Amino acid sequence: MESQKKSDLQRFFEPRSVAVVGSLREEWGEGYRVIKNLLHFGFTGNIYPVNPSYSQVLGIKAYPTVNDVKGSIDLAMVITPPPTVEAVIGQCARKGIKAVIVGTEGFAEVSEAGARLQRQLVDIAHSNGMRLIGPNTIGIVNMSNGLVTNPYLVDYDRICKGSIAYASQTGFVGAQGQPLEDRAYPISKMCDFGNKCDVNEVDLLDYLLDDPETKAIALHMEAVKGGRRFMDMLQKVTAHKPVLIFKAGRTEQGAKASASHTGSLAGSVQVSDTVFKQAGAIQVRTWEEFWEIPKVFAYQPLPEGNRIAILTPTGGVGVIAVDAAVEAGLAVAQLSDATVKRLAAFHPNLSRNPVDLGPIMVLTEDPLSILEITIGTVLDDDNVDCATIVLAAGIETWASATVTMLDRLRQHISKPMTIYVYGTKVSTTLQAAREIDVMGLPTYLELETAVKALGIAVKYAKIKSNLSHKAA
């Protein structure tokens, strides 16, 4: 089983064909929705709707069972009532399907009878060389081939292809639950483990370790399964790629909620914290950080040190950023004499860190030019390892010009930087943030998160260096 694991997960994420077994009722059928999402996001393989009551759906021929399909099937998405799932898994086994996602709810998360039925599914799968994701899951996403197995309709057109893999035990981490298009998260893969009856984080980490499209991995976890095996795999991956973990069920009440949600126990907070730290994973503490912080790894190189420069159009924000930097393990950079001299020629406020751009931007007729020169000069300083840049983007014309300036600037700056965008109009601010993100500069709507992202990047750079030395 161990030697087949990678190829098995390749069938989940890189199938040439997908069978969808479930209700094909227009708009309301979960199988119908899966097929519609596959078509909507441009899945490049063959799709086989399976339901004996239909001859076709969305212009695609339907089949009574998977065994009636003449071609081979790499992946099956099964969403039928709980009492029928076992028989469908048996049909998949006879067809030779090696990867099955069970989207159906009503197993270990609801009762002991459901747990027994879930174990029976695993027994059938393992005795036939099959792997299962779920049950109680929306499945997976792969942005390279348009694979979106979501049984809920997604009301937008595009998911940004990128290099972050997100995984969870909840469908809330999914295309139907998050504004993936509006926020432009750079996604390579997504996986909802559901009840985690078979495929779990260890399997996914093993697959993602060698996935050239994934630079960083974000795990939302309720329970740690497989103790030592998980820790060993986590350490193996973190030597090459950052793994950020958002651990839910940290309180006694949260742990109980986890048991009722996925049928798993959250386990000891102290034990999980120790495991994560020893393995080199980095914990994030909020739902926002889980989504936002990985962007720094997708878009920017690792910092060579922890000295940060802060450039802001308002001094008060600079003070807040300094506090956030120190709390994130960063040091406020001491600008070199050459940098101070050059910046002081424009205005005295520019010659110290944080760099307060407010006075000069009010006085000059071309504030963006001063901003561009200042950012370039500061990041050229050998005493600076990284920077957070604060930008006002509430006015549409100003926001557009700022985006253009940053696009020009980023082409000749090699040091990592994050952007914090604020403004008086939410829609304009969001649009500016999205455009800057898409060009490859990680942009945040919370100042502290923008700064903390660099602190976590510095932390991972040290972890990676230490693990590399141990391996050597």
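Which strands does helix H6 lie across? Helix H6 lies across S10, S11, strand S12 (216-221) and strand S13 (243-247), and runs at about 175 degrees to S12. Let us walk through the model to see where these pieces sit.

**How to read the model**

This is a predicted model, in which local features need pLDDT of at least 70, side-chain atom pairs count only at pLDDT 80 or more, and totals for chains, interfaces and linings use all residues. Residues are numbered from 1 along each chain as its sequence is written, and side-chain values use heavy atoms, with hydrogens and water left out.

The score pLDDT is the predictor's confidence in each residue, from 0 to 100. Its mean over the chain is 91, and 93% of the residues reach 70 or more. Over residues 1-6, however, pLDDT stays under 50, and the model has 11 contacts beyond four places in sequence for that stretch; a contact means heavy atoms within 4.5 Å. Where pLDDT is low, the predicted coordinates should not be read in detail.

Helices (H or I, at least four residues) and strands (E, at least two) are DSSP runs, numbered from the N terminus. Two strands pair if DSSP finds at least two bridges between them.

**The sheet of 5 strands**

Here 5 strands form an open sheet with parallel pairing, in the order S2-S1-S5-S6-S7. Strand S2 (46-50) and strand S7 (131-133) are at the edges with a single partner strand each, so one side of each has no neighbour in the sheet. From one strand to the next, the twist averages 20 degrees. Strand S1 (residues 17-22) runs parallel to strand S5 (residues 75-79), and 5 bridges join them. Ala-19 has Ala-76 as its bridge partner in S5. Helix H3 (residues 82-95) packs on this sheet and touches S1, S5, strand S6 (99-102) and S7, with its direction at about 165 degrees to that of S6.

**The sheet of 7 strands**

Another open sheet has 7 strands in the order S9-S8-S11-S10-S12-S13-S14, and its pairing is mixed. Its edge strands, S9 (147-148) and S14 (282-283), each pair on one side only. Strand S10 (residues 161-168) and strand S11 (residues 187-192) pair in the parallel sense over 6 bridges, and Tyr-166 stands opposite Met-190 in S11. Helix H7 packs on the sheet too, touching S12 and S13, and its direction makes about 140 degrees with that of S13.

**Helices that pack together**

Axes are lines fitted to C-alpha atoms, for helices over the stretch in contact, and angles run from 0 to 180 degrees between N-to-C directions.

| Helix pair | Angle | Axes |
|---|---|---|
| H6 (residues 201-209) and H7 (residues 227-238) | about 20 degrees | 9 Å apart |
| H13 (residues 337-344) and H15 (residues 367-380) | about 170 degrees | 10 Å apart |
| H3 and H4 (residues 112-127) | roughly 5 degrees | within 10 Å |

Angles under 35 degrees count as roughly parallel, over 145 as roughly antiparallel, 65 to 115 as roughly perpendicular and the rest as oblique. H6 and H7 are therefore roughly parallel, as are H3 and H4, while H13 is roughly antiparallel to H15.

Which residues of H3 and H4 meet? Pro-82, Val-85, Glu-86, Ile-89 and Gly-90 in H3 meet Leu-117, Gln-120, Leu-121 and Ile-124 in H4. In the contact of H6 with H7, the residues taking part include Leu-205 in H6 and Phe-230 in H7.
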